[in-house]
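Dear colleague,

Please find below the structure that I am handing over to you.

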Amino acid sequence: MAEPSRAGDMQSSGFAKGSKGQRRRIGIFDAVRGFSVISMVLFHLCYDLRFLAGVGLPWFASPLQDIWRASISWTFLFVAGCMCTLSRSNLRRGLTYGAVALAIYAVTALAAVDTPISFGIIYCMSACTLVAWALGRVNCLPRGPIAASALFVCFLLALGIPSGTVGIGPFSVALPHAIYSVPGLAWLGLPGPGFASGDYYPLIPFVFMYLAGTSMASWFKERGYSDWAINANVPPLNFVGRHALLVYVVHQPFCCFSRAWYRFTSATRQRGGPCHLGLHRGQHMGPRSSAFSRMRSQWQAGPARYRPHVIPGNAHGPSS
């Protein structure tokens, strides 16, 4: 089915040229992206129910919580990388992501119901897209499954860099703490001791996952996409996938204001006592509470205790 192009957003570049030269949307990208967006919304619902409303969800904990979180974020970045080979303008696409990321920071800072989102998933997609654009300008974009495999290994090796380590499992080594004391490098993947964010996707390591998607998409583009990939259509998933950025943008303020509304209604139900928010009596809501302080310390204690959060809006959880 031929559709007009909408360059510059999450759904902008899922097109390939058909046999007659018309631009055809690649349905598999929309379906996978739509599934990930719905999964993200459900993840945030579970997060808010457990950590804000105090609903008992014992299964929503590590390792399931970490696996679920990674499945969403890694898929987003891989598919976004695939879009690079199909986009009419990666420069415009990257700048659009950047503008949205700035708006999200402003909204989450003004709402003040959680830690503002600095260098979150949309920022990461912006930075990675601009890196891919720059590499494309000098004809250095990686291509093929071998390059994609090497980049994925680099991603796994670098995954712990924001936490202060490099390597995989027992083969990890600690990085010097001195490199995390340099201010202003949180965007790169070296957060300082005072850095905090409700969602953190630095350029390193996630640019490797993004470029792995670009490498595979370049290989598929040279050989042509299969009919099943182009025609894949699960209507609810494809619809959400075509409007992924809009869903994400609407989802962010909805999460912020729903949390604020919950806190307000919880406070009004109390008669002179502390607003419990699912905490024990005597622990007050807000960033001064011991629970919030304990969770916040995971972000502010430096690389030794730092754990990156990779889902938009997922600020602080005991399993982080």
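Glu222 is exposed, its relative accessible area being 54%; the classes are buried for under 20% relative accessible area, exposed for over 50%, and partly exposed in between, with a 1.4 Å probe and protein chains only. Arg223 is likewise exposed, at 52%.

The model is a predicted one, in which local features need pLDDT of at least 70, side-chain atom pairs count only at pLDDT 80 or more, and totals for chains, interfaces and linings use all residues. Residues are numbered from 1 along each chain as its sequence is written, and side-chain values use heavy atoms, with hydrogens and water left out.

Salt bridges

The structure holds five salt bridges, the criterion being a side-chain nitrogen of Lys or Arg within 4 Å of a carboxyl oxygen of Asp or Glu. Glu222 takes part in a salt bridge with Arg223, at 3.6 Å from N to O, and in another with Arg143, at 3.3 Å. The latter pair links distant parts of the chain: Glu222 belongs to helix 6 and Arg143 to the loop between helix 4 (121–137) and helix 5, 79 residues apart. Helices here are DSSP runs of H or I with at least four residues, strands being runs of E with at least two, numbered from the N terminus. Arg143 is exposed, as is Glu222.

In helix 1, Asp30 and Arg33 are three residues apart, about one turn of the helix. Their salt bridge has its closest N and O atoms 2.8 Å apart, and both residues are buried.

Leaving aside residues up to four places away in sequence, Ser36 touches Ile72, Thr75 and Phe76; contact means heavy atoms within 4.5 Å.

Which residues of helix 5 are buried? They are Gly144, Ala148, Leu151, Phe155 and Ala158. These residues cover an arc of only 95° around the axis, which puts them on the same side of helix 5; the arc is taken from the directions from the helix axis to the C-beta atoms. The buried residues pack against helix 2 (64–83) and helix 6 (203–223).

Cysteines

A search of the whole structure for disulfides, defined as pairs of cysteine sulfur atoms within 2.5 Å, finds zero. Cys46 counts as buried at 12% relative accessibility, whereas Cys154 counts as partly exposed at 32%.

Yours sincerely
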